[in-house]
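Colleague: I am new to this one. Could you take me through it, starting with the sheet?

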Amino acid sequence: MRLRTALLGILVTATALLTPATAGATPPSALGGSGPYSAGYETSFRLPDHTIYRPDTLPAGVKLPIVAWGNGACRADGTWFENILTEWASHGFLVIANGRPGGFGQTDSAMLTESIDWAIEENSRLGSKYRNRIDTTKVAVMGQSCGGIETYEVADDPRLTTTVLWNSGLLSDSQNHLLQQLHAPIAYFIGGPSDIAYPNAMDDWGRLPAGLPAFMGNLDVGHFGTFDQPNGGEFGRVGGHWLKWQLKGDQASGAQFTGPACGLCTTEWDVQRKNLG
C-alpha cells in the first residue's frame, strides 16, 4: 500500500515555491548549451502555449529527434527549465516544453501529445523551416515531478521511443494501470532518498511490466535535482546521454547505462537496471 495521501498537492506546492533561479532559469554562462550546436528557444503561432528549443542554426544533414517536456508543478512556463532543455537542444534535439516563455497557469498531459503532433506536421508542411529536418520516428516524452505524471498519462502513445521520469512517481495506487501501458524503454532520474518522489518512484520500479527495458538512477540531490546549474548540471549530462542512446543510437552514450562496468555504475549515482542487455 502506498503512502500517497495528498502527495500531489505537496509536490505541486513544493515545486511552485521555487524561484526561477532554482528551477531552471538560465545564468548567462549556460546559454547555448555544451553541445555542437548553440541552441535557444522560440515560439510558434501554430503551437500556442509551448516553447520550442532547437539549434540556432538547423544543422545540415542532421534530423532532430523529438523531445516533449512537462514542467514540475505542471506549471505553464516553458522557460522554467531553460538550462537543461537548451542543453539537450544543443546536442541536436528538438525539445518542446509545455507553456509559453515566462507563462503561468497549469498544463495537462494533452499538451505533450500536441507537441509531438506539431513536430510531425512541421516536418511535412510546405514552407516550414523544419520540413524534412525532424526525425519523426524517434520521440521521447519526459517530465519533472508533476510533469512526470503527465508523462505517464501519454506513455501508451505508440509513437514513443522512450519515456523518462525526473523526480517523479505515481501518486495513487488507482493509477497503477498506467504502468501496464508502458511499452517503450523507460528511465527514472531521481534525487535519492531525500527526494519527496523517491518512495513513489521506487514503488513504480517494482511494478513495471515484465520485460520492459528500464533504468533507475538515484543521485543524492533531492527533489529539485541539478536543474539550476549551468547546462542542467549532472542531470543535463546524464539525460543527454540517455537521449543520444535511445534516439540517435549512440553506443558510447549507451555504455553509460549498460554492461557490468557501465559509465554510471562507478560514480555517485545509485544504479538499478532491468532488461537493458
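**Strands, helices and one glutamate**

Colleague: How many bridges join E2 to strand E4 (residues 94-98), and in which sense do they run?

Modeller: Strands here are DSSP runs of at least two residues and helices (H or I) of at least four, numbered from the N terminus. Two strands pair if DSSP finds at least two bridges between them. E2 and E4 are joined by four bridges, and they run antiparallel.

Colleague: What kind of model is this?

Modeller: Residues are numbered from 1 along each chain as its sequence is written, and side-chain values use heavy atoms, without hydrogens or water. Local features need pLDDT of at least 70, side-chain atom pairs count only at pLDDT 80 or more, and totals for chains, interfaces and linings use all residues, for this is a predicted model.

Colleague: Is strand E2 (residues 50-55) largely enclosed or open, and how many of its residues are buried?

Modeller: Buried means under 20% relative accessible area, exposed over 50%, and partly exposed in between (1.4 Å probe, protein chains only). E2 is largely enclosed by the rest of the structure, because the buried count is six of six.

Colleague: Which strands stand at the edges of the sheet?

Modeller: The open sheet has nine strands in the order E1-E2-E4-E3-E5-E6-E7-E8-E9, with mixed pairing. Each edge strand has a single partner, so one side of it is left without a neighbour in the sheet. The edge strands are E1 and E9 (270-274).

Colleague: Which residue of E5 stands opposite isoleucine 66?

Modeller: Strand E3 (residues 64-70) and strand E5 (residues 134-144) run parallel, joined by seven bridges. In E5, the residue opposite isoleucine 66 is valine 139.

Colleague: How many residues of helix H2 (residues 82-89) are buried?

Modeller: Among the buried residues of H2 are Glu82, Ile84 and Trp88. H2 is largely enclosed by the rest of the structure, because the buried count is eight of eight.

Colleague: At what angle do the axes of H2 and H7 cross?

Modeller: Axes are lines fitted to C-alpha atoms, for helices over the stretch in contact, with angles from 0 to 180 degrees between N-to-C directions. The axes of H2 and H7 come within 10 Å, and they cross at roughly 35 degrees.

Colleague: Which residues of H7 make that contact?

Modeller: Contact means heavy atoms within 4.5 Å. H2 brings Ile84, Glu87 and Trp88. H7 brings Phe235, Gly236, Gly239, Gly240 and Leu243.

Colleague: Is glutamate 234 buried or exposed?

Modeller: Glutamate 234 lies in helix H7 (residues 233-248). Its relative accessibility is 18%, so glutamate 234 counts as buried.

Colleague: With which side chain does glutamate 234 make a polar contact of 2.8 Å?

Modeller: A polar contact is a pair of N or O atoms within 3.5 Å; within protein, one must be able to donate a hydrogen and the other to accept it, and residues adjacent in sequence count only if both atoms are side-chain atoms. The side chain of glutamate 234 makes one with that of arginine 237, at 2.7 Å. Leaving aside residues up to four places away in sequence, glutamate 234 touches Leu219, Thr226, Gln229 and Trp269. The 2.8 Å polar contact is with tryptophan 269.

Colleague: What share of the protein chain's 277 residues counts as buried?

Modeller: The chain has eight helices and nine strands. Of its 277 residues, the buried share is 59%.
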